[in-house]
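Here is a short briefing on one protein model. Look at the structure first, then work through the points by topic.

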Amino acid sequence: MSPASSHPSAVVIGGGQAGLSVAYYLKRLGLEPGSDFIVLDRGPGTGGAWQLRWEALRVGSAHRINDLPGMDALGLSFEEADRTLPAKTVVADFYRQYEEFYELDVVRPADVQSVANRDLDLIVTWEDGARGMHEVVTDVVVNATGTWGSPFIPWYPGRDTFAGRHLHTADYSSAEELRDKSVIVVGGGTSAIGFLMELEGVAAELTWVSRSPIEFLDESELNLEARSAAVAMQDEAARSGRALPSIVSGTGVPRTRRIQAAIDRGLLQVKPMFASIEPDGVRWADGAFQRADAILWSTGFRPELRHLAPLRLREKEGGVTVGNGSSWKDPRIFFAGYGPQASTIGANRAGRQIARQVIATLSNL
């Protein structure tokens, strides 16, 4: 199949957990991958954003990775995955087997540049890096691009004057690149804590700061009530078109044995945010100065929606109005893995719902 000259009924943008979940259910509902619908993924290989994560991250130390729908038919489960291998390797391998087993015919690398209207059709323009630009004419688009390509670093006075190194979670590869450096880790989630534990004994000096107080939960997993409340906040923001709030700020950090051990040995002592950044370090609110070679920003991501700009879906409040997975401004545009669906289990559940809505929309068209 040549995606550049085809006219599939639906295009799924993104081959991570959300995109594959939607593709699985579209196939179950009778659409043929590669002809009735296509999946465009910009990654060099399988695994979605997981293939780009840092080497030391393991399946057991990350947020729980839920199995994709129908993964049990392959005899695969992340519950039984090898904990000694990097999570990026495990997820990429499982997703590769999944794509092959269900013959999802994912097109990659396919970096979508824009989605625009042309009369009654949607035009998806994408680049493959080798042969240049391509166009796909379609009736429905499912956006499943996630957030990895849109890292967020908050602005602080003097941020751009820093002579050291700014790193975001998306840039981090290993602790070795920060060996013998004075490092400030910014963030209140499990990724920031993971960086601190990896850098312990490697960095010359470690300081942890957070914009909000850290709540360590006594449960080994996130409190269900708090998690439900955080998801509800995401859903409400998505429905009102506002920028999405942080999930971590609403759920806290689970007090696992590994984290408790780090607390006991004094590693996880968090400080309030610095007031400003200077060329050689940061200035605290009380006027004290601390030198720094690097600032590691574990401050999250924003939904990656730039390619949808021609559709003018963004609200003045900063977000996109989405309810039950579909755009309220354009019912031909669906969002998988957006807002309350961002977790692996949320994306899987939404995959079925969105696939059914896609079929219903195509029937109406």
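**Helix 2 and its surroundings**

The buried residues of helix 2 pack against helix 1. Buried means under 20% relative accessible area, exposed over 50%, and partly exposed in between, with a 1.4 Å probe and protein chains only. Helices (H or I, at least four residues) and strands (E, at least two) are DSSP runs, numbered from the N terminus. This is a predicted model: local features need pLDDT of at least 70, side-chain atom pairs count only at pLDDT 80 or more, and totals for chains, interfaces and linings use all residues. Residues are numbered from 1 along each chain as its sequence is written, and side-chain values use heavy atoms, with hydrogens and water left out.

**More on helix 2**

- The buried residues in helix 2 are Ala87, Val90, Val91, Ala92, Phe94, Tyr95, Tyr98 and Glu99.
- Helix 2 covers residues 87-101, and its 15 residues should span 21 Å at 1.5 Å a residue. The expected span is 1.5 Å times one less than the number of residues. The end C-alpha atoms of helix 2 are 21 Å apart, which agrees.
- After helix 2 comes Glu103, with a positive phi near 50 degrees.

**Overall make-up**

- The protein has seven helices and 19 strands.
- Of its 365 residues, 50% count as buried.
- A contact means heavy atoms within 4.5 Å. Among contacts with a separation of 6 or more, 68% join residues 24 or more positions apart.

**Nonpolar cores**

- A nonpolar core is a set of buried Ala, Val, Leu, Ile, Met, Phe, Trp, Tyr and Cys residues joined through side-chain atoms within 4.5 Å.
- The largest nonpolar core has 67 residues. Phe78, Leu199, Trp208, Phe216, Leu268 and Val358 have the most contacts inside it.
- Helix 1 (residues 17-28) gives this core its largest share, seven residues.
- Domain 1 (10-149 + 301-363) and domain 2 (159-215 + 252-297) each supply at least three residues of this core. The domain bounds come from an automatic or database domain assignment.
- Which residues does Phe216 contact, leaving aside neighbours within four places in sequence? They are Ile193, Trp208, Val253, Arg255, Ile259, Ile263 and Leu268.
- A second, separate core has 22 residues, including Val141, Leu305, Leu308 and Val322.

**Aromatic pairs**

- The structure holds 15 aromatic pairs. Rings of Phe, Tyr and Trp (its six-membered ring) pair if their centres lie within 6.5 Å; planes under 30 degrees apart count as stacked, over 60 as edge-to-face and the rest as tilted.
- Phe101 and Tyr102 form an edge-to-face pair, 4.9 Å centre to centre with 85 degrees between the planes. Phe101 is partly exposed at 45% relative accessibility, whereas Tyr102 is buried at 14%.
- Tyr156 and Phe274 have ring centres 5.4 Å apart and planes at 65 degrees, so this pair is edge-to-face. Tyr156 lies in the loop between strand 6 (140-143) and strand 7 (165-168), and Phe274 in the loop between strand 12 (270-272) and strand 13 (276-278), so the pair ties together parts 118 residues apart in sequence.
- Tyr156 is buried at 14% relative accessibility. Phe274 is buried too, at 2%.
- Ring pairs also link Tyr24, Tyr25, Tyr98, Phe101 and Tyr102 into a cluster.

**A strand hairpin**

- Strand 3 (residues 111-118) and strand 4 (residues 121-127) pair in the antiparallel sense over seven bridges. Two strands pair if DSSP finds at least two bridges between them.
- Val112 in this pairing stands opposite Trp126 in strand 4.
- Strands 3 and 4 form a hairpin with two residues between them. Asp119 in the turn has a positive phi of about 55 degrees.
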